[in-house]
Amino acid sequence: MHAFQGRTVLLDRDKTLNADPGYLSDPGLVELLPGVVIGLQKLQSAGFQFIVLTNQSGVGRGLITPEQLYAVNLRILELLQRDHIRIERIYYCPHLDEDACSCRKPAPGLVDAALLDFQLDPGRTWVMGDRFRDLACAAHRKIPGILIGDEEGKPEDWGSKAPENLIHQAPDLSSAADLILKSGLR
Ligand SMILES: [Zn+2]
């Protein structure tokens, strides 16, 4: 397999792509967030591909069946496809914190799986999510991260909790896309 020559954004799912009512199990409730379609369109036009990495402990807790998770993921893909946005793959971790697995973010397992499976160059990859752990999972590969939204509170209160690869904060995915495109070719 040849190394992928293009650029990639590793995306969190809940509260990054879609609204999150908590343990989302009904595909009928899937709603994309404002700025998602336009942001992904801008990046896709610039040659980026997208891979989703998502913690889904609701599966491990028995609150979401694997079939429901699949249906929700499919619905997200469908909604994006309407606007011609393609997601290469969705990786998920079904575990709980106490399972101490290697894939629940901020653990690096999902990022490493994507890098390996798609032969990604970490130097041409970005990561986005609404929580520190969504970025921290990629810090070991020095993949720059953009925090989306204000789930983690104000920057002045972050202190040492902010992951070292957090380089920007953006109110939504469209603004995050602009930051990437303005940063020049990475
Ligand atoms: Zn896991």
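Figure 1. Lys-15 is found in the loop between β1 (7-11) and α1, where helices (H or I, at least four residues) and strands (E, at least two) are DSSP runs, numbered from the N terminus. The structure is a predicted model, in which local features need pLDDT of at least 70, side-chain atom pairs count only at pLDDT 80 or more, and totals for chains, interfaces and linings use all residues. Residues are numbered from 1 along each chain as its sequence is written, and side-chain values use heavy atoms, with hydrogens and water left out. The phi angle of Lys-15 is near 70°, a positive value in a residue other than glycine. Lys-15 counts as partly exposed because its relative accessibility is 33%; buried means under 20% relative accessible area, exposed over 50%, and partly exposed in between (1.4 Å probe, protein chains only). Tyr-23 is found in the loop between β1 and α1 as well. Tyr-23, although not a glycine, has a positive phi of about 50°, and with a relative accessible area of 40% it is partly exposed.

Figure 2. Cys-93 (SG), His-95 (ND1), Cys-101 (SG) and Cys-103 (SG) coordinate the zinc ion at 2.0 to 2.3 Å. Donors are N, O and S atoms within 2.8 Å of the metal (3.2 Å for Na, K and Ca); water is not among the atoms, so sites may look incomplete. Along the chain, the donors of the zinc ion follow the spacing C-x1-H-x5-C-x1-C. The site is tetrahedral, with angles of 100 to 115° among its four donor atoms; four donors count as tetrahedral if all angles lie between 85 and 135 degrees. The ideal angle for four tetrahedral donors is 109.5 degrees. His-95 is partly exposed, with a relative accessible area of 27%.

Figure 3. Helix α3 (residues 66-81) has 16 residues and reaches 22 Å from its first C-alpha to its last, close to the 22 Å expected at 1.5 Å a residue; the expected span is 1.5 Å times one less than the number of residues. The buried residues of α3 are Leu-69, Val-72, Asn-73, Ile-76, Leu-79 and Leu-80. They lie on the same side of α3 because they cover an arc of only 125° around the axis, the arc being that of the directions from the helix axis to the C-beta atoms. On the other side of α3, Glu-67, Tyr-70 and Gln-81 are exposed. The cover over the buried residues of α3 includes α1 (36-45), α2 (57-60) and β3 (87-93).

**Figure 4. Asn-73 and its contacts.** Asn-73 lies in helix α3 and counts as buried because its relative accessibility is 9%. Apart from neighbours within four places in sequence, Asn-73 is in contact with Arg-13 and Ile-90, contact meaning heavy atoms within 4.5 Å.

**Figure 5. Val-111 in helix α4.** Val-111 is found in helix α4 (residues 109-117) and, at 0% relative accessibility, counts as buried. Not counting residues up to four places away in sequence, Val-111 touches Leu-10, Leu-53, Cys-137, Ala-138, His-140 and Ile-143. Val-111 and Ile-143 are 32 residues apart along the chain, and their C-alpha atoms are separated by 9.9 Å.

**Figure 6. The cis peptide bond at Pro-106.** Pro-106 lies in the loop between β3 and α4. The peptide bond from Lys-105 to Pro-106 is cis, with omega near 20°.

Conventions:
Four donors count as tetrahedral if all angles lie between 85 and 135 degrees; four count as square planar and six as octahedral if opposite donors are over 155 degrees apart and all others between 65 and 115; anything else is irregular.
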